[in-house]
Amino acid sequence: MYRQGLYPIIRKCASAKGIFDITVLCPEAAELAEPGQFAQLLAPSHFLRRPISICQIDKAAGTLRLVFEVRGEGTAELAELNVGDNLDMIAPLGKGFTKVPGKAVCVGGGIGVPPMLGIASLYGEDAAAISGFRNAAAAILQEDFKALGCRTVLCTDDGSAGVHGFVTTALEEHLQSEKPDIIYACGPMVMLKAVAGIAEKYGVRCQVSLEQRMACGVGACLGCAAKIERDGKEIFAHVCKDGPVFDAKEVCFNG
Amino acid sequence: MADLKVSLAGVEFNNPIIPASGTYGYGREYECLYPLSRLGGISVKGTTLHERAGNIPPRIAETPMGMLNSVGLQNGGSDKFISYELPNLATKGTRIIANIAGSTVEECAELAAKLNGTAVDMIELNISCPNVKQGGAAFGTDCNVAGAVTKAVRDASDKPLMVKLSPNVTSIVDIAKSVEANGADAVSLINTLLGMRIDIKTRRPVLHNNVGGLSGPAVFPVAVRMVWQVAGAIKIPVCGMGGVSTAEDAIEIMMAGASAVQVGAAIFRDPYAPVKIIDGMNEWLDKNGIKSVTEIIGAVKPY
């Protein structure tokens, strides 16, 4: 179940360079939304919509927070929208993360960090957020995780903030001292593959959020295929409807 | 309120707007927005005799005012269509066009025969899919083969038969004449135009299939031209499609000679596109004092 409409942007924050942070007033969509789902945003001068993960859901306020990176002309056009402008949005879409009882580790890489905030909010102090960025200037959302009560581990590729190194190293260190009930991950495919491998090694359930070039966003066009293994058979599932969140064990990371 | 009813190959549609095959699934993904009975009909996802996995992703590339796709006819096969999708769709109060494709002439005929006696209102034989290695456009780019597969399906089926034509040919008029001569009750056109995009950073094609079908507003003028040429050359009706995004586009392609209109890629941009087009056509007809939409079919006054 999703909605499409023109929804006003009620907040826009400066974030890291090239990262935009907007909050949209859309009570009908916010009411339906779950962490890990996404929205399809229309950049008026481009033909296809841009799939953007939902960062935070506030059902009481009727808002969705979307944090996205300018990657091309379409996202650059979206980034020019300001408070008071209407955003043409289809949301919420796809299958989000599954909440399980107990503790969670949320592993995000770069622009894969925003959807981690949504699922971390369901765990609060029972979640650890391990986030990786290129450098200190690219780091986002760390205060937001702390505000939820989450323990945070910040990793940067160049060591300019937090731990010098990859999220996978930090994840393994974390797992050596504490076994969570689930690991959530979103980020580059190479990171997801490594996280899935670590989760398997430590016997922890793991859900990953995938990306793919997409058209309809609702499961009709079958464009955004992702190879998964289900019931012993490799099939093409679809990121927009069967995902974006998949059980890591199902995902064929080698294509 | 103008009369929006149209007739295509003996089948009456409440209005001329039909979501195109492969852009609307079987309607399930859109009925949370509006009842499917608002639509003239639905051309369902291309169905093959057996399940097909589809092509390796990426399958989608954006283009200026359009897109490329190389989905490769991923579908659950004819048994799943007949037992699972069709009973559901038959309760929705809209016309059902079964879009079918096969790797061989025999397979097309066998599939068509399986639909005899079902709730399907019309068959749309796809001889123009650019994204599969066998069948597909290989059928639709040769007059003799196009005629032979049309005849085989016509002989096997008790349903009205529409044949979906490829624009990737020297003369679409010759293909249309051939399928007409072999028993087609209507033709639909255009399927996508074969295209390609390359990522200059990686030097890789954007699509894993290297090439794919171009659709969206970018192809609309080509569609109008081909509908006009074909409608002027054959007696059976034409279902027009290719980049139709607005009510004005639908009116334009009908003026070129289309008796009904399929809407495809526009739905990806705006899932309400089909109903907005229907409402917009009605308004336009009322404003122009035209009582029936059938009055605009082929109404172009060429120089």
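In helix α5 (residues 167-177) of chain A, the buried residues are A:Val167, A:Thr168, A:Ala170, A:Leu171 and A:His174, where a residue is buried if 20 or more other C-beta atoms lie within 10 Å of its own, exposed if 12 or fewer, and partly exposed in between, with C-beta atoms placed from the backbone. This is a predicted model, in which local features need pLDDT of at least 70 and side-chain atom pairs count only at pLDDT 80 or more, while totals for chains, interfaces and linings use all residues. Residues are numbered from 1 along each chain as its sequence is written, and chains are lettered from A and ligands numbered from 1 in the order in which they are written. Helices (H or I, at least four residues) and strands (E, at least two) are DSSP runs, numbered from the N terminus.

**Helix α5 of chain A**

- The buried residues of α5(A), which include A:Val167 and A:His174, cover an arc of only 160 degrees around the axis, and therefore they lie on the same side of the helix; the arc is that of the directions from the helix axis to the C-beta atoms.
- An α-helix has 3.6 residues a turn, so residues three or four places apart point the same way.
- On the face of α5(A) that is turned away from the buried side, the exposed residues are A:Gln176 and A:Ser177.
- The elements that cover the buried residues of α5(A) include the strands β7 (104-109), β8 (127-133), β9 (151-156) and β10 (163-164), together with the helix α6 (189-201), of chain A.

**The sheet in chain A**

- Chain A has an open sheet of 7 strands in the order β10-β9-β8-β7-β11-β12-β15, with mixed pairing, and two strands are said to pair if DSSP finds at least two bridges between them.
- At the edges stand β10 and β15 (245-247) of chain A, each with a single partner strand, so one side of each is left without a neighbour in the sheet.
- The strands β7(A) and β8(A) run parallel and are joined by 6 bridges, and A:Val105 stands opposite A:Ala128 in β8(A).

**Domains of chain A**

- The domain assignment divides chain A into domain 1 (3-93), domain 2 (97-208) and domain 3 (210-255), with bounds that come from an automatic or database domain assignment.
- The C-alpha centres of domain 1 and domain 3 of chain A lie 23 Å apart, and 8 residues of domain 1 are in contact with 7 residues of domain 3, where contact requires that the C-beta atoms of two residues, placed from the backbone, lie within 7 Å.
- On the side of domain 1 of chain A that touches domain 3 of chain A, the elements that give two or more residues are β3 (38-41) and β6 (86-93) of chain A.
- By class, that side of domain 1 has 5 nonpolar, 2 polar and 1 charged residues; Ala, Val, Leu, Ile, Met, Phe, Trp, Tyr, Cys and Pro count as nonpolar, Asp, Glu, Lys and Arg as charged, and the others, Gly among them, as polar.

**Cis peptide bonds in chain A**

- The peptide bond from A:Ala91 to A:Pro92 is cis, with omega near -10 degrees, and A:Pro92 lies in strand β6 of chain A.
- The peptide bond from A:Gly243 to A:Pro244 is also cis, with omega near 10 degrees, and A:Pro244 is placed in the loop between β14 (233-238) and β15 of chain A.

**Where chain B meets chain A**

- The contact between the chains takes 27 residues from chain B and 25 residues from chain A.
- On the side of chain B that touches chain A, β5 (60-63), β6 (66-69) and α8 (266-269) of chain B each supply at least two residues, and by class this side has 15 nonpolar, 8 polar and 4 charged residues.
- B:Ala61 lies in strand β5 of chain B and counts as buried because it has 24 C-beta neighbours inside 10 Å.
- Leaving aside residues up to four places away in sequence, B:Ala61 touches A:Arg213 as well as several residues of chain B, including B:Met67, B:Leu68 and B:Arg197.

**Positive phi angles in chain B**

- B:Ala9 is not a glycine, yet it has a positive phi of about 55 degrees, and its place is in the loop between β1 (6-8) and β2 (11-13) of chain B.
- B:Leu73, which is not a glycine either, has a positive phi of about 55 degrees and lies in the loop between β6 and α1 (78-89) of chain B.
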